[in-house]
Amino acid sequence: MASIKFAVDGRSVTVNADPSMPLLYALRNDLGMSNPHFGCGLAQCGACTVHLDGEPVRSCVMPLSAVTGRKVTTLRGLGTPEKPHPLQAAYVEEQVPQCGYCINGWIMTAAAFLKKKPKATDAEIRDALAGLKCRCATHAAIMRAIRRAQTQMA
Amino acid sequence: MNARIDLSLSRREFLKASGALVVSAGGPAFIGETLAQTAAVSTGSKPPLLPTELDSWVAIAPNGRVTAFFGKMDMGQSLDIAIAQIVADELDVDVAKVDVVMGDTALTCNQGGASGSTGIQTGARPLRSAAAEARRLLVQSASQKLGLPVEQLRVDDGVVAAVSDPAKKASYAELIGGRHFHHQVEWNKQIGNPMDIKVEAKPKSPSEYRVVGKSLTRRDLPGKVYRTEKYVTDVSLPKMLHARVIRCSRAACTVAGVDESSIKNVKGARVVREKDFVAVVADHEWNAVRASRMLKISWKEAKKDPFPPMAEIYDHIRKAPVVKREDAVKKGDLDGAFKTAARVVEAEYEWPFQSHASMGPACAVADVRADGVTVWTGSQKPHFVQTGVARLLDVPPEKVRAIWVTGPGSYGRNDAGDAALDAALLSKLTGRPVRVQGMRNDGIAWDPKGPASVHRGRAALDASGKVIGYEFVSKGFSRRNIDTNESDPRDSLAGMAIGLPPKPSLDFGVPAESYGFDNKLLAWEVIPPLLEASSPLRSSHLRDPVGPQIQFGSEQFIDELAAAAGEDPVAFRLKYVTAPRDAAVIKAAAEKGGWQPRQAPRADRSGDTLSGRGIAYAQRNGTIVAVVAEIEVERKSGRIWGKKFTVAHDCGLVINPEGLRYTIEGNVVQGLSRTLFEEVRFDREKVTSVDWLSYPILEIRDAPETIEVVLINHPELAPTGAGEPSIRVIPAAVANAFFDATGVRLRRVPLTPERVKAALARA
């Protein structure tokens with residue numbers, strides 16, 4: 001057991017837990033955040049994605065010890081209905097999610113990517129989103145939403 | 001159930017409005033809110049939840065908001081808003097004032113949950129009637145209050161007023177708000193999908209609709225995108241234990257012994273066991289996960305080599321005894337036709353086991369108490385969870401409440417039904433509320449599978465190329481080795497692990513089309529399962545059960561006949577379909593898709609990338625769909641890219657065009673995934689597809705560039721389903737496009753790069 005301090009969505013937190021425990025369980029169970037999802041536990045789908053100091057990481061395999069002193073941002077911290085991230089607004093406007101279980105991966109990965117490359121082409125976007133899964137197969141709408149967000153972010 | 005309903009009343013107002021309020025102190029906050037909202041619409045004694053009570057279908061709150069109680073649920077395909085649109089039009093209220101409560105057995109009648117794309121087709125019918133009847137009663141009540149005959153009244157956004165003098169008025173809120181109708185309707189005595197009611201009121205004609213037919217936006221989107229909606233995975237109760245059920249990676253195993261000391265160092269973890277059902281529980285989820293990995297179990301093989309070698313699965317199917325056959329369509333003299341044939345065309349098509357592979361492994365939370373049982377489930381059929389749990393625990397069904405909460409996706413009888421019964425059994429055995437979620441391998445290796453099958457087409461052509469005899473026979477594992485819902489514990493893994501005998505049903509299906517061949521046979525044959533019980537290859541319903549596999553064969557075979565007759569595939573279909581709506585749909589897809597008639601595959605095959613287009617068409621329970629696929633084939637890598645799809649779709653009256661469009665898009669891309677990538681792998685003793693590497697699905701690089709949808713609206717025809725029809729035509733359209741591009745047939749799914757390269761080498 002260890003006492004690990006880090007920040008989540010702008011708030012300082014301390015979690016007393018097994019340092020090898022994945023961050024996902026600290027967020028969901030210790031901090032009661034129902035926002036990143038368990039999809040595979042293997043970093044193969046993206047449902048658990050959060051930003052760690054601005055970079056997308058799969059919280060299901062990220063040991064808690066590795067987040068000490070760092071900043072975690074979840075989808076809930078990315079934006080709110082009042083102050084949405086352009087991707088969130090576009091996701092609503094394009095009616096992207098069906099079951100919606102996967103969207104942490106898509107939005108958090110795309111948000112970090114567009115920050116670096118706001119004018120990315122379709123091919124670059126598809127490359128950047130490799131490895132993410134969406135079982136409802138909303139990929140066409142995901143692309144529309146990202147293009148819409150790009151026009152907002154430009 | 002979720003927080004989608006009643007956005008106008010604050011929690012305080014609910015409490016005020018509802019008086020004595022049933023908020024389970026131990027329940028999650030959002031469930032409490034839902035109950036409060038329900039209580040808010042009605043004071044006084046609510047009649048029992050029976051389909052014969054109008055109050056079971058619709059309620060009007062003191063503030064005039066309307067709640068519709070829908071015994072199905074929405075998986076993000078716009079059913080919630082569509083139901084609201086239908087109810088709003090019948091009641092003459094603003095659609096923004098209509099809330100839809102779904103899938104809670106304490107609040108909704110058993111309309112069968114999500115099933116067979118019937119959400120609108122059958123699910124909306126009683127809601128439409130109930131709303132019309134409520135309007136009739138309210139207008140009648142206003143007539144008495146205002147002293148005016150009903151003919152002189154009109155309704156505008158929930159206010160009944162005199163046509164001649166709008167000042168003479170009474171609102172729904174004043175007339176009934178917060179009280180019950182206590183009005184009987186005639187129930188057809190059916191439960192599940194066919195449940196319907198008859199009322200005195202006459203529902204409106206389509207020409208009177210104001211919001212039906214409009215593209216209104218779903219209400220669940222902000223909750224999902226801003227992550228305020230609670231999923232079934234987020235349900236948390238005081239003193240709740242986290243559980244993981246331990247399933248042997250090998251099929252057909254029983255438990256010989258459990259070494260409980262192997263997890264003694266995991267804090268709070270312990271073993272729960274009944275016969276061959278073994279689980280670990282802990283207070284913290286991570287400790288349950290750790291314990292599940294560390295627990296040592298000795299397994300006993302109940303059967304050696306339960307599965308044939310994977311490479312021989314289709315031979316196994318061909319050789320296996322037929323336990324049930326049905327000749328669903330049989331007309332004319334087939335033998336005679338083949339005797340006089342100038343030419344006989346034959347082909348076989350093969351389809352693998354496929355997994356639901358839901359986005360997350362299933363989760364359920366159960367709280368089994370002496371005075372009642374509550375189960376929160378992602379199952380798309382919560383009313384059947386209620387029945388299954390009641391039977392498993394041997395308690396009366398009315399003591400069980402099952403509440404559907406959005407889960408990690410569901411396209412049929414996936415692992416959610418098993419999770420619900422696992423949680424109930426574990427809560428009973430531990431005396432505590434239990435949350436169970438699978439690990440990834442539980443969702444892929446151990447979910448019920450779409451069945452593997454072989455499809456045989458044989459046709460007789462005369463000298464002119466006319467089809468004079470046609471037969472299409474599918475042979476495979478039953479589509480219902482376990483049932484399509486979890487109402488009988490014998491159909492669940494927990495039930496089988498505690499020794500309940502299996503209860504297989506024998507079903508398959510035939511192509512759904514209107515080809516008017518004079519001599520025609522459409523038949524299916526079912527073979528025995530590989531294992532009687534607890535099989536990771538047990539089969540059940542996966543989106544459009546057996547539709548993609550049958551149509552992959554039948555619609556490719558039609559193309560083969562067109563090629564044999566030297567005719568264009570679109571023209572050939574139009575020559576033989578007999579239903580005018582079918583012809584219209586085929587024409588619409590071809591026209592919008594810019595179809596260029598060709599009597600033979602494209603001749604130019606010189607480049608590194610070959611292009612082709614193909615068509616496929618089918619019916620499904622009243623809906624008709626056709627698709628033109630345009631693909632690219634990379635000769636060197638063997639990759640197929642489904643670049644563009646043009647879908648024409650006729651499901652009668654269109655309720656919400658945009659919602660329908662997105663639903664069709666999901667069908668197209670999921671269908672493409674199943675065509676190109678998906679195959680459950682196994683060896684002689686176990687399923688070896690356990691994660692996304694060993695069960696790949698489509699990723700965004702392979703998503704189409706363009707999906708065009710042509711909606712053919714028939715306001716004069718009752719709406720039929722859209723959740724599944726368009727997936728069944730995708731595999732054949734892609735394979736037909738591959739033939740157009742390369743001149744070679746691919747008759748085995750998935751159309752992998754290896755198979756493409758092998759086929760091109762043969763070309």
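In chain B, 3 strands are arranged as an open sheet, ordered β1-β2-β3, with mixed pairing. The two edge positions belong to β1 (58-60) and β3 (98-102) of chain B; each has a single partner strand, so one side of each lacks a neighbour in the sheet. On average, neighbouring strands of this sheet are turned by 20° against each other, direction ignored. The model is predicted, and the description below should be read accordingly.

Strands of a sheet pair through backbone hydrogen bonds, either parallel or antiparallel. Strand β2 (residues 66-70) of chain B runs parallel to β3(B), and 5 bridges join the two. Within this pairing, B:F69 has B:V101 of β3(B) as its bridge partner. Helix α3 (residues 79-91) of chain B lies across β1, β2 and β3 of chain B, and its direction makes an angle of about 130° with β3(B).

The domain assignment divides chain B as follows.

| Domain of chain B | Residues |
|---|---|
| domain 1 | 11-229 |
| domain 2 | 233-303 + 366-439 |
| domain 3 | 571-762 |

Taken over C-alpha atoms, the centres of domain 2 and domain 3 of chain B are separated by 39 Å.

Elsewhere in chain B, helix α5 (residues 172-176) contains B:L175. B:L175 has 21 other C-beta atoms within 10 Å; the threshold for a buried residue is 20 or more, so B:L175 is buried. Leaving aside residues up to four places away in sequence, B:L175 touches B:L138, B:S141, B:A142 and B:A170. Of these, B:L138 is 37 residues from B:L175 along the chain, yet their C-alpha atoms are separated by 6.8 Å.

The two chains meet through 46 residues of chain B, which are in contact with 44 residues of chain A. On the side of chain B that touches chain A, α6 (221-225), α7 (285-294) and α17 (657-676) of chain B each supply at least two residues. The largest share, 7 residues, comes from α17(B). By class, this side of chain B comprises 21 nonpolar, 13 polar and 12 charged residues.

In chain A, helix α4 (residues 103-116) has 14 residues, which at 1.5 Å a residue should span 20 Å; the end C-alpha atoms are 20 Å apart, in agreement with that expectation. Because 10 of the 14 residues of α4(A) are buried, this helix is largely enclosed by the rest of the structure. Among the buried residues of α4(A) are A:I103, A:W106, A:I107, A:M108 and A:L114.

Definitions and conventions: Residues are numbered from 1 along each chain as its sequence is written. Chains are lettered from A and ligands numbered from 1 in the order in which they are written. This is a predicted model: local features need pLDDT of at least 70, side-chain atom pairs count only at pLDDT 80 or more; totals for chains, interfaces and linings use all residues. Domain bounds come from an automatic or database domain assignment. Helices (H or I, at least four residues) and strands (E, at least two) are DSSP runs, numbered from the N terminus. The expected span of a helix is 1.5 Å times one less than its number of residues. A residue is buried if 20 or more other C-beta atoms lie within 10 Å of its own, exposed if 12 or fewer, and partly exposed in between; C-beta atoms are placed from the backbone. Two residues are in contact if their C-beta atoms, placed from the backbone, lie within 7 Å. Ala, Val, Leu, Ile, Met, Phe, Trp, Tyr, Cys and Pro count as nonpolar, Asp, Glu, Lys and Arg as charged, and the others, Gly among them, as polar. Two strands pair if DSSP finds at least two bridges between them. Axes are lines fitted to C-alpha atoms, for helices over the stretch in contact, and angles run from 0 to 180 degrees between N-to-C directions.
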